[in-house]
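I opened my notebook to record what I looked up in this model. The entries follow in the order I made them.

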Amino acid sequence: MNNILVGLLTEIQKEQIQGKEFAKDSFFYVIKDANNNWVISIQEMEQATIPPYEWVHELPLIEYNPKPL
Amino acid sequence: MLGLGLGLQLNSYPLFVLDPATVSFITAAGITDPTQINAINRLVLNLKGKGNLNSSIDFFSASYAIYPFVGGSATAHKYNLRDVNTFLITYGGGVTHNSNGITGNGINGFGDTFFSPLNNNIPLDDLGISVYSRTSTNIGVELGGSDAGLTNSLYLQTRAGGFSVMQANSSTFAAVAEPTGQGLFVAVRRNSTSMQIYKNGISSILKTSSANSSSRTASTLNLLRQNTAGVGTSYSDKNLAFASIFTVTSSIYSDAKMPTYYDIIQQFQTDLNRQV
């Protein structure tokens, strides 16, 4: 996948949001990329409306590098 | 006044008499739009064998889960039309919800149905799953669960790498070239030695060699990805406007009835102006 951007999280941020509800009936699902970065999708960043997780709107963006199967 | 079997009048707009399953669903999902309500009701009546397209076959009762993805939100899209109290979907990651249904991102978006082929006792050799895809992308699993190493899998890919692919309680797969990935795709197993994929009511492959059933996975079926023993793989970026899980039950989801099933689902999509 080229030019797909994702939000970069620290380890602490990942612990703060993993599995938490970011919008009604929608839950964060943090994954690791091929460089062992914790990342979430643009969709989660854009759709997050439930406090206190609005800060994900400001996450730094990196290019998505998927883990090989 | 909304009620069991009563006619609904909304702003003097005459609507059909609502089936109890329709009432349950729209109440749970919070659906108030008359167009959506009428579409759901026609879907229910047709699936139950009481409608204009189907007056004899009860597809509805043979289903474990029917997901119409109507309402435009994760809350509305989590409900199971067959029974609003069972197999509600939990959405994780980046799934987009709108009037066209649910759309994956190919990265981490999925919906867990919590339906386990093993634990919910779907028959080993008498089952099926279906999805209605509106997009022609070329990656991912649209509905799937598996043991490690793709053994004992139940999944359906409408189009990945240029092929429709399925496994049905098996460790072997059936695949057929697929140019678009758009439409109603149904994967069925009717016996221990064959698997079959239908596109828009027409059989696209009946595999009768290396197609034996093996065992059922305990992994729950996930939408928009493969759930491989709790690990998410093969994320899909398709837009899905319907999904279902059912037992074939020989005379119901038979080969001869597949065009009727397609007509019902296609009518539903047309009623919502999202047909492909």
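Entry 1: I began with E14(B) and E15(B), which form a hairpin with two residues between them. In the turn, B:Asn200 has a positive phi of about 50°. Helices here (H or I, at least four residues) and strands (E, at least two) are DSSP runs, numbered from the N terminus. This is a predicted model: local features need pLDDT of at least 70, side-chain atom pairs count only at pLDDT 80 or more, and totals for chains, interfaces and linings use all residues. Residues are numbered from 1 along each chain as its sequence is written, chains are lettered from A and ligands numbered from 1 in the order in which they are written, and side-chain values use heavy atoms, with hydrogens and water left out.

I then counted bridges; two strands pair if DSSP finds at least two between them. E14(B) and E15 (residues 202-207) run antiparallel, joined by five bridges. B:Gln196 stands opposite B:Leu206 there. On the other pairing, four bridges join E13(B) to E14(B), again antiparallel, and B:Val188 faces B:Gln196. A hairpin of five residues links E13(B) to E14(B).

Is E14(B) enclosed or open? Five of the five residues of E14 (residues 195-199) are buried, so the strand is largely enclosed by the rest of the structure. Buried means under 20% relative accessible area, exposed over 50%, partly exposed in between (1.4 Å probe, protein chains only). In a regular strand the side chains alternate between the two faces of the sheet. I find B:Met195, B:Ile197 and B:Lys199 on one side of E14(B), and B:Gln196 and B:Tyr198 on the other.

**Entry 2: another covered strand.** I checked E3 (residues 63-67) of chain B, where four of the five residues are buried. Four bridges join E3(B) to E19(B), and the two run antiparallel. B:Ile66 stands opposite B:Ser244.

**Entry 3: two helices.** How do H2 (residues 34-47) and H4 (residues 258-271) of chain B pack? Their angle is about 175°, with axes 9 Å apart. Axes are lines fitted to C-alpha atoms, for helices over the stretch in contact, and angles run from 0 to 180 degrees between N-to-C directions. H2(B) and H4(B) are therefore roughly antiparallel, a label for angles over 145 degrees. Residues that meet include B:Leu43 in H2(B) and B:Phe268 in H4(B).

**Entry 4: the cores.** A nonpolar core is a set of buried Ala, Val, Leu, Ile, Met, Phe, Trp, Tyr and Cys residues joined through side-chain atoms within 4.5 Å. The largest has 41 residues; B:Phe25, B:Ile40 and B:Ile265 are among those with the most contacts inside it. H1 (20-29), H2, E13 (183-189), E19 (239-246) and H4 of chain B each give two or more residues to this core. A second, separate core of 33 residues includes B:Phe69 and B:Val176.

Entry 5: In chain A, a cis peptide bond joins A:Pro51 and A:Pro52, with omega about 5°. A:Pro52 is in the loop between H2 (42-47) and E6 (61-63). A:Asn36 has a positive phi of about 65° although it is not a glycine. A:Asn36 is partly exposed, at 47% relative accessible area.

Conventions:
Parallel < 35°, antiparallel > 145°, perpendicular 65-115°, else oblique. Contact = heavy atoms within 4.5 Å.
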